There are 6 protein chains.
Amino acid sequence: MKLLLLNPNTTQAVTDAVLVAARAAARPGTELKAVTGRFGPVVIGSRAENALAHHSVLQLAAEHAHDCDAVVLAVSLDTGLWACRELLKVPVIGMTEAGLLAGCSVATRIGLITYGRRMGPLYREIAEGYGLASRLACIATLDVTPQQTFSEPQAVRDAVLTAARQLVQHDGAEAVLLAGAAMAAMAADLQPEIDVPLLDGVACAVALAEAHANLKLPKARTGSVSSTGGREVRGVSPELANLFAQRP
Amino acid sequence: MKLLLLNPNTTQAVTDAVLVAARAAARPGTELKAVTGRFGPVVIGSRAENALAHHSVLQLAAEHAHDCDAVVLAVSLDTGLWACRELLKVPVIGMTEAGLLAGCSVATRIGLITYGRRMGPLYREIAEGYGLASRLACIATLDVTPQQTFSEPQAVRDAVLTAARQLVQHDGAEAVLLAGAAMAAMAADLQPEIDVPLLDGVACAVALAEAHANLKLPKARTGSVSSTGGREVRGVSPELANLFAQRP
Amino acid sequence: MKLLLLNPNTTQAVTDAVLVAARAAARPGTELKAVTGRFGPVVIGSRAENALAHHSVLQLAAEHAHDCDAVVLAVSLDTGLWACRELLKVPVIGMTEAGLLAGCSVATRIGLITYGRRMGPLYREIAEGYGLASRLACIATLDVTPQQTFSEPQAVRDAVLTAARQLVQHDGAEAVLLAGAAMAAMAADLQPEIDVPLLDGVACAVALAEAHANLKLPKARTGSVSSTGGREVRGVSPELANLFAQRP
Amino acid sequence: MKLLLLNPNTTQAVTDAVLVAARAAARPGTELKAVTGRFGPVVIGSRAENALAHHSVLQLAAEHAHDCDAVVLAVSLDTGLWACRELLKVPVIGMTEAGLLAGCSVATRIGLITYGRRMGPLYREIAEGYGLASRLACIATLDVTPQQTFSEPQAVRDAVLTAARQLVQHDGAEAVLLAGAAMAAMAADLQPEIDVPLLDGVACAVALAEAHANLKLPKARTGSVSSTGGREVRGVSPELANLFAQRP
Amino acid sequence: MKLLLLNPNTTQAVTDAVLVAARAAARPGTELKAVTGRFGPVVIGSRAENALAHHSVLQLAAEHAHDCDAVVLAVSLDTGLWACRELLKVPVIGMTEAGLLAGCSVATRIGLITYGRRMGPLYREIAEGYGLASRLACIATLDVTPQQTFSEPQAVRDAVLTAARQLVQHDGAEAVLLAGAAMAAMAADLQPEIDVPLLDGVACAVALAEAHANLKLPKARTGSVSSTGGREVRGVSPELANLFAQRP
Amino acid sequence: MKLLLLNPNTTQAVTDAVLVAARAAARPGTELKAVTGRFGPVVIGSRAENALAHHSVLQLAAEHAHDCDAVVLAVSLDTGLWACRELLKVPVIGMTEAGLLAGCSVATRIGLITYGRRMGPLYREIAEGYGLASRLACIATLDVTPQQTFSEPQAVRDAVLTAARQLVQHDGAEAVLLAGAAMAAMAADLQPEIDVPLLDGVACAVALAEAHANLKLPKARTGSVSSTGGREVRGVSPELANLFAQRP
């Protein structure tokens with residue numbers, strides 16, 4: 001089985017961290033391929049950057065998804081998730097979606113930790129969009145940037161631990177999702193310090209992608225997730241134009 | 001007052017229809033400028049086309065918003081609405097958002113008519129995203145394409161009337177929103193046939209944009225709608241890169 | 001254009017404050033008429049006073065609305081809002097409704113400040129009734145009376161600032177609505193101190209009333225907002241009895 | 001125990017029907033007193049009439065509640081319910097509230113039948129206001145007036161039966177509430193024809209009022225239901241002014 | 001009238017406390033019978049113990065309900081409530097359900113106090129299951145066991161008072177439900193110390209059971225609460241097998 | 001990896017069907033063990049039978065879970081799901097939970113088909129309990145019994161197809177879950193006839209159980225899903241008493 005990990009940001013270090021977390025979670029026979037955006041935001045840290053990243057997600061899917069069994073969106077806002085499901089024939093799993101869905105089977109309410117206060121509402125909107133708002137205990141936002149994860153790992157680690165304990169003790173979280181591709185692989189390290197399961201979005205996404213690739217549910221032929229096919233789009237790469245033009 | 005009407009689709013006929021509806025609704029002193037996307041979908045008719053259109057919305061905003069008093073997104077999925085609010089200093093109003101908000105002051109529940117069955121869930125998701133799901137009576141989807149609005153106007157007109165009457169009589173709609181930029185200007189024509197207010201998204205958006213431009217609420221300096229500023233994005237037009245790089 | 005500002009309380013000072021706020025927000029050509037209740041509560045500060053004020057709202061509407069283009073309810077509980085919409089032929093806008101609807105286009109979640117702890121649940125109920133509960137960040141209630149706004153302006157100003165900052169920093173409010181007719185005109189003064197838009201209900205209501213008066217949506221001929229007409233009511237003023245008796 | 005049944009409409013026939021239903025439901029030792037509004041709507045059939053009836057409810061409460069052990073609002077929109085709870089020292093029960101609360105212990109979802117299509121949204125709003133929207137299966141509105149209940153009893157009876165069966169078979173109602181004071185006493189007659197419990201709002205309200213009068217829960221001394229006390233209201237009857245002026 | 005109080009726990013002291021609270025609330029003519037589980041948990045303090053208690057509830061109902069006019073589940077998780085309603089011909093009332101329903105007529109939002117932090121989510125789930133989540137102000141969990149109620153009454157009393165005051169002052173509770181059969185009878189004692197009504201689940205359940213027994217609503221003949229009848233179950237007591245086998 | 005499939009009903013034919021579906025979905029290296037209840041309902045078809053089955057679920061878990069890597073509840077009401085999670089150290093997955101969670105990654109809204117009209121509300125309650133109500137398109141109930149699946153397979157097959165098509169065409173389902181252990185293995189057979197993915201609860205549960213067994217999330221040491229441990233329960237089998245008595 002071959003999984004594509006798709007990071008629409010242009011920061012290779014995030015892709016590398018994602019790949020480490022994915023390898024730790026993947027089954028022995030699962031091949032992993034991780035790709036990085038060539039245009040768009042360096043690291044998504046705002047609504048506008050996320051909006052721009054949609055194009056990059058589609059471009060990466062058009063270039064790399066054709067020979068994979070499933071796609072994991074290695075971007076914690078699950079940018080373009082349903083668009084990819086519509087365009088592609090294989091399962092597509094978002095890392096925050098996966099963290100929440102996996103969390104649903106171990107916890108009644110899930111706490112979420114992410115970078116940057118301004119991003120809190122976006123994760124709340126994502127959870128609401130998945131219809132999972134009632135399973136969200138609370139969102140804690142760290143006062144650090146994704147980049148500091150690499151430059152000041154101990155400070156970020158401490159901030160995550162403090163936030164996680166607060167979510168458990170004060171907000172009733174029975175599991176905690178580390179939402180941020182740059183936090184990939186941190187969960188395993190911090191787990192011994194925390195009394196509830198720490199969910200790594202990439203690990204959960206790999207597990208769900210493997211599960212869906214194995215389940216082989218057919219793609220819908222009707223409804224909002226089915227292929228449109230035969231659509232003309234202009235001013236984009238030939239691969240992407242071709243993906244839109246394909247008929248189901 | 002100068003309003004920018006921003007159509008991220010590449011179809012000029014839609015921009016023309018939007019401009020007609022906007023002119024009919026605008027106050028005497030309001031200047032209107034309508035622009036059309038130069039890349040991306042011809043007409044958004046799927047999730048993937050909508051995802052792609054985010055880039056086009058941002059590009060048009062970067063090129064044209066600098067000397068306007070408010071921006072109207074003349075795309076019925078309100079593509080990139082909050083991203084534009086974050087990036088720009090002037091009010092930004094989505095046409096479906098405006099139709100729903102204006103409808104809230106005349107009707108307890110609003111019916112919505114749009115093109116294409118596969119698009120129904122997207123409008124439900126939009127209304128839910130605005131926290132207005134309980135004000136939505138029902139969504140009716142027409143079995144016609146936006147293009148047929150221009151090529152077979154009578155058939156589309158009949159389909160809209162049938163759907164509107166069903167929404168009123170069966171689903172308890174007390175107003176009906178025609179959601180689709182290509183339907184702009186149709187409401188005035190059909191209103192005499194329908195017993196409840198027909199809401200034209202473009203007209204409502206122009207009215208709300210004028211109201212907000214006059215209210216002159218300051219832009220937030222904190223939170224998810226505030227400017228990030230000073231952000232590097234790669235591989236995009238100079239105007240857009242510059243817009244991301246600007247500091248508030 | 002002529003707007004009627006309708007204050008069902010019997011306190012002229014509140015009407016005066018409302019008129020100041022309305023004038024600051026109105027367009028140049030907009031004429032304003034503000035009227036004060038002649039019976040009922042001095043200032044609404046409880047559920048029972050609000051219940052009683054319904055009659056006063058209807059009476060003022062019956063006396064004064066006939067030659068206006070739109071009506072603004074200058075009472076922060078939006079008392080009798082839908083009843084007036086049913087009875088009158090022109091747009092009717094509530095000041096708290098307007099504050100929330102205008103806030104929806106600048107903030108994902110709105111904080112609300114009002115007088116008196118016992119009134120908090122009433123504003124929550126109003127927001128829920130509008131289907132906007134998910135757009136409400138939190139409600140802060142001041143431990144002061146509306147009357148103190150006039151007698152101890154500095155203390156009230158300080159209390160509002162403290163509450164607004166708490167709503168922004170702790171509750172994630174991206175805009176703050178000052179809900180209370182007696183707070184009308186305070187927003188402009190305090191805005192420089194607060195990092196998110198301060199919404200003045202009266203100003204927002206004037207803007208929305210102007211927008212609706214310009215949109216000229218027809219009145220529904222069916223549904224819960226349509227005119228009943230031809231109804232007999234007893235023991236009320238001739239103007240009010242006549243308004244109920246009118247046929248659409 | 002003495003219960004006050006308070007009908008703010010000016011139609012004595014409705015009060016009479018209410019009293020019949022109440023007597024059938026009351027315990028042997030319960031004394032019943034039913035009073036009729038002297039001003040306001042003849043029969044509430046619109047939002048504006050309901051708004052006006054608030055004054056009448058308060059007036060009747062001021063005149064008659066002082067020597068009763070509990071009050072039943074014999075008006076199916078539960079007009080002024082929380083206002084009366086704030087003003088009075090004894091339990092106050094609304095007939096639709098009671099029908100829904102009693103229904104909650106016998107059915108997972110409750111259907112509701114009322115008069116007049118325009119009134120459907122008002123009952124939905126009431127149920128939502130009680131936080132009970134998810135317990136409401138569906139609302140069926142009869143194409144008859146309350147007055148026809150007395151003038152064409154067989155036609156109304158047939159319409160109610162048809163609606164009730166539809167609610168059970170199509171909408172999953174496991175109990176059906178007859179919401180309308182004029183329908184009081186009809187439930188007992190129609191019950192044999194319907195496969196689920198028929199809830200009479202008056203009967204349920206009498207039962208709950210007796211239960212609360214016996215429970216003797218103290219009145220809150222804080223919060224939105226506590227007495228304000230010492231409030232001045234103008235231009236109303238001496239009894240009502242006095243009720244507002246009383247201190248707890 | 002004869003009420004059965006059914007405690008599926010095997011702790012007689014809890015049944016005794018329940019009976020004291022029930023006697024204080026019951027009308028003069030009401031006969032009370034309280035029974036205790038003979039197998040299953042000693043005191044339910046976890047999800048698994050609650051799951052196991054379902055069998056004990058059914059067994060007690062099969063043995064004792066046949067000659068009663070109504071059944072009260074004297075277990076604060078309302079274990080097996082709808083199952084008993086399906087199996088039995090008489091009204092069945094849960095003590096937490098009753099506390100919440102009675103609270104709905106005196107408070108807009110209700111605080112809930114129970115034993116043990118791990119139990120908080122279960123009460124939230126119960127309230128959500130009743131569709132009453134929006135009427136719940138907050139849940140406070142005591143750091144004591146039910147057993148300590150009898151061994152350290154003063155400490156538990158103090159903990160309850162502290163929690164109740166916090167619910168009122170901080171969380172906006174307008175009534176407080178003491179949820180826990182072992183807390184039965186504590187409300188009357190603590191009421192003078194607290195500014196809002198203290199709801200005793202057993203007292204409320206007795207009052208509602210009396211009300212329903214008097215209302216005599218028929219049992220549904222269709223839907224999820226109707227009798228299945230004629231069902232074979234294996235490996236249970238003869239009384240229980242017989243109850244399942246009975247035809248309606 | 002070894003999965004335990006746990007059917008609390010006493011019907012071996014259901015266990016057999018479950019095992020067929022599970023084998024078709026399991027990975028090559030996954031060992032399956034399916035066990036059948038020895039007491040309790042023959043086939044759960046009502047609330048009371050489901051209540052009784054809780055004991056049987058716990059008993060089977062106590063007897064068989066000790067040497068398994070994960071447990072699948074092969075009962076479509078997911079009876080005792082969270083209780084098993086609390087008691088056991090390995091992942092526990094419910095078949096309807098799994099069908100809904102897996103469906104969330106392929107469809108915006110999921111239709112559900114089950115046996116027996118009276119069971120519809122129970123599945124709605126389950127979905128609501130998972131916080132997934134907004135992902136549920138509609139529930140269709142077949143007018144056949146689980147037993148007829150084996151005795152009249154063609155009739156049941158036709159009924160399922162009709163219901164599935166209705167869910168897709170009328171209710172907007174983008175996937176359809178066959179909820180009922182007796183329907184296990186039917187999805188693969190019917191899939192070619194239906195335009196959206198058919199979800200088999202057992203297959204989905206096997207896939208999620210494998211995913212969770214591989215993810216190896218630790219068990220929470222606090223909260224409502226953590227082990228209580230050291231609890232005494234009476235009158236149950238030694239295995240079950242021992243499971244409750246174990247300390248974490």
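This is a predicted model: local features need pLDDT of at least 70, side-chain atom pairs count only at pLDDT 80 or more; totals for chains, interfaces and linings use all residues.

Student: Okay, chains to begin with. What rotation puts chain D on chain C?

Tutor: Chain D is superposed on chain C by a rotation of 180 degrees, with 0.0 Å of shift along the axis and an RMSD of 0.0 Å. The two copies are thus related as by a two-fold rotation axis. The same surface serves both of them, since 100% of the contact residues of chain D recur in chain C.

Student: And what about chain A and chain F, how are they related?

Tutor: A rotation of 180 degrees, again with 0.0 Å of shift along its axis, superposes chain A on chain F with an RMSD of 0.0 Å. Here too the same surface serves both copies, and 100% of the contact residues of chain A recur in chain F.

Student: How far apart are the nearest C-alpha atoms of chain A and chain D?

Tutor: Those atoms are 15 Å apart, and chain A and chain D do not touch. Chain B and chain E are likewise joined by no contact, with their closest C-alpha atoms 15 Å apart.

Student: Switching to helices. How many residues does helix 2 of chain D have, and how far does it reach?

Tutor: Helix 2 of chain D, residues 47-64, has 18 residues and reaches 26 Å from its first C-alpha to its last, which is close to the 26 Å expected at 1.5 Å a residue. Helix 2 of chain D also bends, by about 30 degrees, at A53(D).

Student: Is helix 2 of chain D mostly covered or mostly uncovered?

Tutor: Helix 2 of chain D is mostly covered, with 18 of its 18 residues buried. In chain F, helix 2 is also mostly covered, and 18 of its 18 residues are buried; this helix bends by about 30 degrees at A53(F).

Student: At what angle do helix 2 and helix 10 of chain A pack?

Tutor: Helix 2 (residues 47-64) and helix 10 (residues 238-245) of chain A pack at an angle of about 80 degrees, and their axes are 8 Å apart. Angles of 65 to 115 degrees count as roughly perpendicular, and helix 2 and helix 10 of chain A are therefore roughly perpendicular to each other.

Student: Which residues meet there?

Tutor: From helix 2 of chain A come H55(A), L58(A), Q59(A), A62(A) and E63(A), and these meet E239(A), L240(A), L243(A) and F244(A) in helix 10 of chain A.

Student: New topic: where is M119(C) found?

Tutor: M119(C) is in the loop between strand 6 (110-115) and helix 5 (120-129) of chain C. With a relative accessible area of 6%, M119(C) is buried, because buried means under 20%. Leaving aside neighbours within four places in sequence, M119(C) is in contact with I44(C), G45(C), S46(C), L77(C) and T114(C).

Student: Last one, what is the phi of D78(B)?

Tutor: Phi of D78(B) is near 50 degrees, a positive value in a residue other than glycine. Most residues other than glycine have a negative phi. D78(B) is in the loop between strand 4 (70-73) and helix 3 (81-87) of chain B, and at 4% relative accessibility D78(B) counts as buried.

Student: And K216(D), is that buried or exposed?

Tutor: K216(D) counts as exposed, at 64% relative accessibility. K216(D) has a positive phi of about 55 degrees although it is not a glycine, and its place is in the loop between helix 9 (201-215) and strand 10 (233-234) of chain D.

Methods: Residues are numbered from 1 along each chain as its sequence is written. Chains are lettered from A and ligands numbered from 1 in the order in which they are written. Side-chain values use heavy atoms; hydrogens and water are left out. Copies are superposed by least squares on the C-alpha atoms of residues with pLDDT of at least 70 in both. Contact means heavy atoms within 4.5 Å. Helices (H or I, at least four residues) and strands (E, at least two) are DSSP runs, numbered from the N terminus. The expected span of a helix is 1.5 Å times one less than its number of residues. The bend at a residue is the angle between axes fitted to the seven residues ending there and the seven starting there. Buried means under 20% relative accessible area, exposed over 50%, partly exposed in between (1.4 Å probe, protein chains only). Axes are lines fitted to C-alpha atoms, for helices over the stretch in contact, and angles run from 0 to 180 degrees between N-to-C directions. Angles under 35 degrees count as roughly parallel, over 145 as roughly antiparallel, 65 to 115 as roughly perpendicular and the rest as oblique.
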